[in-house]
Amino acid sequence: MTYEEAIQFWFGRVNYEHKSPQVGDFKLDRMRRLLELLGDPHRRLRIVHIAGSKGKGSTSALLGAILQAAGFRVGLFTSPHLVHVEERIQVDCQPIGHDALAGLMNEIRGAVPPELERELTFFEIGTALGFLHFLRRRVDFAVVEVGLGGRFDSTNVCDPMLSIITSISFDHTQMLGNTLAQIAFEKAGIIKPGRRAISGVRDPEARPVIERVCFERGAPLRQLDVDFRCVHQAALMSDKNVRLARVQVTTERRVWPAFDMALIGEHQARNATLAIAAVEELIEAGVTINDGAVANGLANVVWPARLEIIRREPLVVLDCAHNVASARALVQALDASFPLEPNRGRRILIFAGSRDKDLTGMLDVLAPKFERIYLTSFQTSQRCETPHQLALQLPRVRRSTAVLCASSAEAWRQAMDEARAEDLICIAGSVFLAGEMRPLIQCSHHAPRDGVG
């Protein structure tokens, strides 16, 4: 296969990131059969497996950065991608190359009989590709993020040395259930008998589910706010002051130094705390990781589109908030870290989302915080809601002031034409919107001259 043929083969599979899945669409039998045909590469990797309603990607990136700073070769498997599909499979922050992707995809296709090939999904192929690449690159650790849910996710064929569940909130309810307890049970599906587990779940309905599953499977459990906790000092990104966020973690084992954080928001401090708790488990297992590696990883992690500053004057912040819980985290972080001077500067929102999300709930949280709202769409997913339908889901008092834009490029142009240097433009609502707008902004003549990002 050429690279182009490999991409065509991969994207020719059914993709449930673009097409809303139904109950019964996910099964692990296909994934196990595929990996068996490939020699079970996942069984020869040291894996940390991470699930959660939000924060799982950030926690994966944070832990990967710490391990890399400690001198290990680290595979990172995340989804979805922002711009290029190769971003999903990285070794030491380098996405899989075109030649490697084509070679491994050729190997996958050659191993799969026609009847199985017809059934395989986009995510199953990507998961197998990731495991093969990590094995061939001889990674010391593979940090693997769950795609959707946990129990029936394609990544859940692995036997990790450690499982992490970051949080539980309402998302993908058509697949995972309509209660937080049901969603927690699906996420807890990654917990393996006898394997250690770390939980950042705080909700009183969801937490007992995680505890019960761990007890039933004999999996030692450590929990946020029970066995470890954090104190967060918010970042400050104002005209007059720039200050990194800081997190100070205390566990039942030790008091950690206060560390600078590259990622902004109290929710990211909790994600960093989970990563530090994971470090303690790895140290307990004989892995050498010093405090300097933790400091280096937290301060230098690169994880785009998570409250990412991509230009100044006006300040433009790009975020992947895509459910109500992440919208609340976004608003909290904007208030704490991006204060506007009284009677100077406005907040402007560019928003688009998928129709299977709680868009009304998200807009109820976001709309009161912005003086102007541009409702738009993205072209990279069939699940995108139309700007007109988004307007109907705005709080009634804000509908008359919303601007409807057919494309993200139009929304960006109109927002920039209106914005003054002292304003803040926030882009949120979907990872698909963030992935579409990030290169658009970076390549436009409005890109920052000072390299902010």
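The charged end of Arg254 lies over the ring of Trp256, 3.9 Å from its centre; such a contact requires CZ of Arg or NZ of Lys within 6 Å of the ring centre and within 35 degrees of the ring normal. The model is predicted, so local features need pLDDT of at least 70 and side-chain atom pairs pLDDT 80 or more, while totals for chains, interfaces and linings use all residues. Residues are numbered from 1 along each chain as its sequence is written, and side-chain values use heavy atoms, without hydrogens and water.

The whole structure holds 7 aromatic pairs (Phe, Tyr or six-membered Trp rings with centres within 6.5 Å; stacked under 30 degrees between planes, edge-to-face over 60, tilted for the rest). Trp10 and Phe122 are stacked, at 5.0 Å centre to centre and 15° between the planes. Trp10 and Phe122 are both buried (under 20% relative accessible area; exposed is over 50%, partly exposed in between; 1.4 Å probe, protein chains only). Together with Phe11, they form one aromatic cluster.

Salt bridges (a Lys or Arg side-chain nitrogen within 4 Å of an Asp or Glu carboxyl oxygen) number 30 in the whole structure. One of them joins Glu281 and Arg196 at 3.4 Å, N to O, connecting helix α10 (residues 266–284) with strand β7 (residues 196–199), 85 residues apart. Glu281 counts as buried because its relative accessibility is 6%, whereas Arg196, at 35%, is partly exposed.

Definitions and conventions: Helix = DSSP H or I, 4+ residues; strand = E, 2+ residues; numbered from the N terminus.
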